[in-house]
Amino acid sequence: MKHARNAAPGLLGVAQNLFASLGTTGKVISGTLAAVVAATPFGAWNAVADDAIPLAADATVEVGPYEVVIEKVVSTKTLGDVQPLDPADKLLVVVAEVTNTSDVPAHAHQLADIVPAPVGAGVVDTESRPVPDDAEPGDRPLPNRYNIADAGELDVINPGVTYRVALVWNQDGDAAPETVRVDLAGLHWIEEGFAGLDDEYWLPTDEVTHSGMFDVEPPKSQAGNGSGSGGDGGGADAGEGDTGGAEASGGTDTGGGADDGAGTGTGAGAGDGAGAGTGDDAGAGGTASGSAESGA
Amino acid sequence: MSRRGFSWRTMLFAPIAIGAATWFVTQVPQDTSVDRPFEIEGAVGETVRLDYADLAVTDVRVAQRIDGEGGAQAGGVFVVVDAVWEAADRTLSIGGAELVDAQERTHAATSRSGCATATTAVPAYGQRITYCFDVVPDALDGAQVRLGRGGDGEDGAFQRRDAVAVVDLGLDRASLEEASADETPLWIDAPAPVVEAGPGGEENA
C-alpha cells in the first residue's frame, strides 16, 4: 500500500531506530543495561551459597527473630509414631534449639522457611520424588516440626522461650549419606508493606545465610518398639541420648494427641495403628502407650 | 469569558498551601489517637462490658504441663486463662488473644493441648473457653491479657478503633513457685456453653 512506509514503526521499530542512532559508547552502555534488566527476574541479584556464613554444630546463629542452634542430623526409620509416607523410605531429622529473641510472638511455621531441606541427604518430597541438590531453598520440601519435649507440633514461639525441635523430612530409603549440608535461609523484616496493607512481618528471603556440613547419625535398630508405657519406641532413633527424657514424657502424655490420628506431611501418627481420625499435632507422640490408647 | 491563566499569586501560594497541608497531615498522631483500640480494663472475676460482648476472666492458673487433646510441656511456663464470652446482640467471632507483660512484650495464645486461640460468642448464654500462653517466667509479673474480637495480627490492624478488654492477671513469682511444686498436668477443658446467662455463670450446659 502506498502509505505503508509512513505507518507507525511500533515499539520495536522505535527501539531499533533509537539504538541505531546511538554512538558506539551509547550502544555498549544501553546493551549492558538491557542485559542487566533481562537477568534480574532470573535471580541475578540473589545471594549465592558461597557467601553464606559457616555453620557448625552447637553454634548459635541469629536468623530473623530466632536464635538457632543446630544440634545434629539424624537418619531414622521412625520417629515415634511419625513414619515416612513410603515404608521403604526413612526420615531425616534435624535437631535444633530455637529461641525467639524478639519482643513479639513468632510463628513456628517460619522454622520451615529458615531451615530448608538439607542438601546431599537424599530428601524426597511428599510424592517420593527426589529433590535435586541444586534446588533453591524456597523450592525444597518443607519439614514437619515437633517440640521434642512433648512430641507435639509447635504453633507459636513467644518472646524469650526456647524449644528443642525436630524438623523432619522424608528421605530416600537407599540414601545413606555420611554428611549433609545444612543451610539456613534468611528472613527480612517488613515494617510497612505496599500501601500499608500488610505491615510488620518476617518475609522469607529464600537466600542462604548460613551453611555447614554435618555428620549424619545413621538409623539404629528398633528394639523396644511398642511395649508398655515407657515411650522408648520409635522416637529412640532420632532422639537418643539426652532426648530420652523428653520422649518418655511424650509417652505418657501424648496419648490423647495420638487419638487425633494420622496427621499430615511426613505421615505423622501412622503408628496409631487403628488409623483413627486425622490431625496435625497427633502422631509425634511416638510412644507405645499413646498408640495403645488410640488403638483402643 | 475570561481565558486568563494562573495568576502569579496562584503560582506562589498554591505550592505553599499544598506543603502546609502535607505538613499538617504528617503531624496527626495516627498511631495513637486514631488507630489505638478502646481499652476497657478489668480484673479476674469481673465482667468487662465491651460494646459487642461481655467478657469475664474467671480463673488464672500457672502450670509446667497441661493436658487436654494431648499433653504439652511448656518451653517456659503455661499461663492458663479461663474466660466466658457472651455476645451482645449477634453471633460473632472472637479472634484476639494476647498476653502483655510488664516489659511490654506480647505473647500469643497457643492451640497446643486443645487450648483455644479463638471462639464464637453468641447472645443469651456464655461460651467458656481456655486460653493458654507459653511464656518465660519473668513475663508473669504484671501480666495482662488483651482479649477482643479483632485478631491480633502482627501490626494490630484488626483491632483499630475497636473495643478490647485488658485484664490484669494478678500473677507474680509466687505463682511460678506453685506451678513448679505441682508436676500434675493441668487439665484443659474443651470449650462449652454456660447455662447461666452472662459471664460468671458457674454451671455448664
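Me: What is the torsion about the S-S bond of C115(B) and C132(B), and is the disulfide left-handed or right-handed?
Reply: The torsion is about -70°, so the disulfide is left-handed. Keep in mind that this is a predicted model.

Me: Where in chain B do C115(B) and C132(B) sit?
Reply: The pair links distant parts of the chain. C115(B) is in the loop between β7 (106–108) and β8 of chain B. C132(B) is in strand β9 of chain B. They are 17 residues apart.

Me: How far apart are the sulfur atoms of C115(B) and C132(B)?
Reply: They are 2.0 Å apart.

Me: Is C115(B) buried or exposed?
Reply: C115(B) is buried, and C132(B) is buried too.

Me: How many disulfides are there over all chains?
Reply: The count is 1 disulfide.

Me: New topic. How many residues does each chain bring to the contact between chain A and chain B?
Reply: Chain A gives 27 residues and chain B gives 23 residues. The area buried between the two chains is about 1900 Å². Carbon and sulfur atoms give 45% of that area.

Me: How many salt bridges cross the interface of chain A and chain B?
Reply: There is 1 salt bridge across it. D150(A) forms it with R112(B). Their closest N and O atoms are 2.8 Å apart.

Me: Which elements of chain A give two or more residues to the side that touches chain B?
Reply: They are β10 (162–171), α5 (244–253) and α6 (255–259) of chain A.

Me: And how many residue pairs are in polar contact between chain A and chain B?
Reply: The count is 9 residue pairs, with both residues at pLDDT 80 or more.

Me: Back to R112(B). Which side chain does a polar contact of 3.1 Å join to the side chain of R112(B)?
Reply: That is the side chain of D134(B). D134(B) is in strand β9 of chain B. C132(B) is in strand β9 of chain B as well.

Me: Is D134(B) buried or exposed?
Reply: D134(B) has 2% relative accessibility, so D134(B) counts as buried. The cut-off for buried is under 20%.

Me: What else does the side chain of D134(B) reach?
Reply: A polar atom of that side chain lies 2.8 Å from the backbone nitrogen of G75(B).

Me: Now the backbone. What is phi of S128(A) near?
Reply: Phi of S128(A) is near 65°. That is a positive value in a residue other than glycine. S128(A) lies in the loop between β6 (123–124) and β7 (144–147) of chain A. With a relative accessible area of 33%, S128(A) is partly exposed.

Me: What about phi of A124(B)?
Reply: Phi of A124(B) is near 85°, again a positive value in a residue other than glycine. A124(B) lies in the loop between β8 (119–121) and β9 (126–135) of chain B. A124(B) is exposed, at 55% relative accessible area.

Me: Last one. How many helices and strands does chain A have?
Reply: Chain A has 7 helices and 12 strands. Of the 296 residues in chain A, 45% are buried. Chain A exposes about 14100 Å², and carbon and sulfur atoms supply 56% of that.

Terms used. Residues numbered from 1 in each chain as written. Chains lettered and ligands numbered in written order. Predicted model: local features only at pLDDT ≥ 70, side-chain atom pairs only at ≥ 80, totals over all residues. Heavy atoms only, no water. Helix = DSSP H or I, 4+ residues; strand = E, 2+ residues; numbered from the N terminus. Buried < 20%, exposed > 50% of the residue type's maximum accessible area, 1.4 Å probe, protein only. Areas by Shrake-Rupley, 256 points an atom, 1.4 Å probe, with all protein chains shown as cover. Disulfide = S-S within 2.5 Å. Contact = heavy atoms within 4.5 Å. Buried area = accessible area lost by both parts, 1.4 Å probe. Salt bridge = Lys/Arg side-chain N within 4 Å of Asp/Glu carboxyl O. Polar contact = N/O pair within 3.5 Å; in protein donor to acceptor, adjacent residues only side chain to side chain.
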